[in-house]
Amino acid sequence: MALSVEPVAALSDNYIWLLKDAATGAVAICDPGEAGPAIAAVEANGGRLDLVLLTHHHGDHIAGAEELRAKYGAKLVGATADARRLPKLDISLAEGDKVALGGSEAVVIDTPGHTRGHIAFHFPTARVLLCGDTLFSLGCGRLLEGTAAEMFDSLRKLAALPGETLVCCGHEYTESNARFALTVEQNNTCLVARSAEVRVQRGAGRPTVPTTMADELAANPFLRAGSVARLAEIRTAKDNFR
Ligand code: ZN
Ligand code: FE
């Protein structure tokens with residue numbers, strides 16, 4: 001593949017993503033919630049870091065960014081709309097803007113809902129989506145700053161991407177998401193099969209991500225909610241689910 005993606009475990013359940021453009025060796029890190037694991041991953045990939053991509057302002061996604069810029073001279077990339085709440089950006093972008101990683105290119109998609117200024121990075125040619133805390137495997141982000149209507153629109157935009165798109169999200173929440181999802185769609189055979197797969201993956205200590213958009217469309221009740229009201233209903237139920 002022209003662009004390789006690797007989840008790097010950080011904090012208690014975060015994923016930092018390392019992306020490497022095969023043709024040029026250019027490397028990006030997405031959402032460094034801490035510097036240490038990101039630096040270890042960069043060093044294991046040749047010690048080069050071109051870009052730090054930030055999906056939103058929460059500390060568990062940005063805390064390592066300044067250290068990475070200082071160590072590697074990487075450029076920090078994030079949303080113009082949320083620039084005040086992000087580390088000082090070298091490249092600030094809005095929906096539809098593009099950023100190059102070597103020979104690969106990402107397009108910004110506005111995805112408010114979890115936070116107001118949340119963005120996703122989509123690499124259309126490589127079929128890779130970095131979606132932060134908007135879309136999780138079998139779940140979606142909490143509505144901390146946005147409305148259910150905003151999250152519905154954000155998820156609809158992501159759902160329209162090609163089915164083979166790799167979904168690279170910000171947390172390893174899949175196992176608890178699966179338990180909740182089964183209370184919503186107990187007869188969904190794709191979800192039942194995916195839940196069993198997730199148990200095996202986590203039992204072996206393996207990441208459950210990236211998944212594909214097609215797999216999420218088949219099994220993720222938040223992506224499958226047909227209306228804002230339905231999304232709001234299951235989001236509230238998940239907030240109260242233990
Ligand atoms: Zn967050
Ligand atoms: Fe987070």
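**A helix and its neighbours**

Modeller: Arg 202 counts as partly exposed, at 30% relative accessibility. Buried means under 20% relative accessible area, exposed means over 50%, and partly exposed lies in between (1.4 Å probe, protein chains only). This is a predicted model, in which local features need pLDDT of at least 70 and side-chain atom pairs count only at pLDDT 80 or more, while totals for chains, interfaces and linings use all residues. Residues are numbered from 1 along each chain as its sequence is written, chains are lettered from A and ligands numbered from 1 in the order in which they are written, and side-chain values use heavy atoms, with hydrogens and water left out.

Start with the partner of Arg 202. Its side chain meets that of Glu 172 in a salt bridge, 3.8 Å from N to O. A salt bridge here is a side-chain nitrogen of Lys or Arg within 4 Å of a carboxyl oxygen of Asp or Glu. Glu 172 sits in the loop between strand E13 (166–169) and helix H5 (174–184), and Arg 202 in helix H6 (residues 189–203), so the pair ties together parts 30 residues apart in sequence. Helices (H or I, at least four residues) and strands (E, at least two) are DSSP runs, numbered from the N terminus. Glu 172 is buried, at 11%.

Now the other end of H5. Glu 185 forms a salt bridge with Arg 224, with the closest N and O atoms 2.9 Å apart. This pair links distant parts of the chain: Glu 185 is in the loop between H5 and H6, Arg 224 is in helix H8 (residues 221–224), and 39 residues separate them. Glu 185 is buried, at 17% relative accessible area. Arg 224 is partly exposed, at 39%. Elsewhere, salt bridges with shared partners join Glu 66, Arg 69 and Asp 90 into one network. The structure holds 14 salt bridges.

Next, the packing of H5 on H6. Their axes lie 10 Å apart, at an angle of about 155°. Axes are lines fitted to C-alpha atoms, for helices over the stretch in contact, and angles run from 0 to 180 degrees between N-to-C directions. H5 and H6 are therefore roughly antiparallel. Angles under 35 degrees count as roughly parallel, over 145 as roughly antiparallel, 65 to 115 as roughly perpendicular and the rest as oblique. The crossing of H5 past H6 is left-handed. The contact residues include Ala 178, Ala 181 and Leu 182 of H5, and Leu 191, Val 198 and Arg 202 of H6. The residues of this contact divide into six nonpolar, two polar and four charged.

H5 also packs on helix H9 (228–239). Here the angle is about 130°, with the axes 11 Å apart. That makes H5 oblique to H9. This crossing is right-handed. From H5, Asn 177, Phe 180 and Val 184 meet Arg 230, Ile 234, Ala 237 and Lys 238 in H9. Contact means heavy atoms within 4.5 Å. Four of these residues are nonpolar, one is polar and two are charged.

Finally, the buried side of H5. Thr 174, Asn 177, Ala 178, Phe 180 and Ala 181 are buried. The partners of the buried residues are strand E11 (135–136), strand E12 (139–140), H6, H8 and H9.

Terms used. A crossing is left-handed if the near helix is turned anticlockwise from the far one by less than a right angle, and right-handed if clockwise. Ala, Val, Leu, Ile, Met, Phe, Trp, Tyr, Cys and Pro count as nonpolar, Asp, Glu, Lys and Arg as charged, and the others, Gly among them, as polar.
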